[in-house]
Amino acid sequence: CLSDWSSDVCSSDLAIPFDPDLRSGGDAGLPIVVDKPDSAAAVALTGIAQRLLASPRGLAGRSLGLSPA
């Protein structure tokens with residue numbers, strides 16, 4: 001993850017398995033979650049999307065790790 005404030009939605013268990021259809025489907029404009037929703041990559045992407053949707057939006061109340069100069 002890019003910073004501490006996003007650690008609630010970022011973790012090592014959010015890996016996306018390699019699948020050639022992920023790239024070829026993207027090139028063709030057909031997302032793998034639509035074309036092959038049961039593939040490991042599609043299941044992983046759907047899980048990530050669900051976790052992001054469940055997390056609160058915005059930065060209110062979160063430390064950005066910045067100090068006034």
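Modeller: Two residues are in contact when heavy atoms of theirs lie within 4.5 Å. The model is predicted, so local features need pLDDT of at least 70 and side-chain atom pairs pLDDT 80 or more, while totals for chains, interfaces and linings use all residues. Numbering starts from 1 along each chain as its sequence is written, and side-chain values use heavy atoms, without hydrogens or water.

Colleague: Among contacts between residues at least 6 apart in sequence, what share joins residues at least 24 apart?

Modeller: The count takes in contacts in the protein between residues at least 6 apart in sequence. Of these, the share that joins residues at least 24 apart is 50%.

Colleague: How many helices does the protein have?

Modeller: Helices (DSSP runs of H or I, at least four residues) and strands (E, at least two) are numbered from the N terminus. The elements run α-α-α. There are 0 strands, and the number of helices is 3.

Colleague: What percentage of the residues counts as buried?

Modeller: Buried means under 20% relative accessible area, exposed over 50%, and partly exposed in between (1.4 Å probe, protein chains only). The protein exposes about 5400 Å², with carbon and sulfur atoms supplying 61% of it. Of its 69 residues, the buried share is 17%.

Colleague: Which residue forms a salt bridge with K36?

Modeller: A salt bridge puts a side-chain nitrogen of Lys or Arg within 4 Å of a carboxyl oxygen of Asp or Glu. The whole structure has 2 of them. K36 sits in the loop between α2 and α3 and its partner in helix α1, so the pair ties together parts that are 15 residues apart in sequence. The closest N and O atoms are 2.6 Å apart, and the partner of K36 is D21.

Colleague: Is K36 buried, exposed or partly exposed?

Modeller: D21 has 27% relative accessibility and therefore counts as partly exposed. K36 is at 35%, so its class is partly exposed.

Colleague: How many residues apart are R23 and D27?

Modeller: The side chains of R23 and D27 meet in a salt bridge, at 2.6 Å from N to O. R23 and D27 are both exposed. The two residues lie in helix α1, separated by about one helical turn, because their spacing in residues is 4.

Colleague: How far is D19 from the nearest side chain of opposite charge?

Modeller: D19 lies in the segment before α1. D19 is buried and has no salt bridge. With Lys and Arg counted as positive, Asp and Glu as negative, and His and the chain ends left out, the nearest side chain of opposite charge is K36, at 6.1 Å.

Colleague: Which backbone nitrogen does a side-chain oxygen of D19 reach?

Modeller: D19 also touches I32, S39 and A41, not counting residues up to four places away in sequence. At the start of α1, its side-chain oxygen comes to within 2.9 Å of the backbone nitrogen of D21.

Colleague: Which residues is S39 in contact with, leaving aside neighbours within four places in sequence?

Modeller: S39 lies in the loop between α2 and α3 (40-54). Its relative accessible area is 14%, so S39 is buried. Its contacts are D19 and I32.

Colleague: Where is L30 found?

Modeller: L30 is partly exposed, because its relative accessible area is 38%. The place of L30 is the loop between α1 (20-28) and α2 (32-35).

How values were computed: Polar contact = N/O pair within 3.5 Å; in protein donor to acceptor, adjacent residues only side chain to side chain. Areas by Shrake-Rupley, 256 points an atom, 1.4 Å probe, with all protein chains shown as cover.
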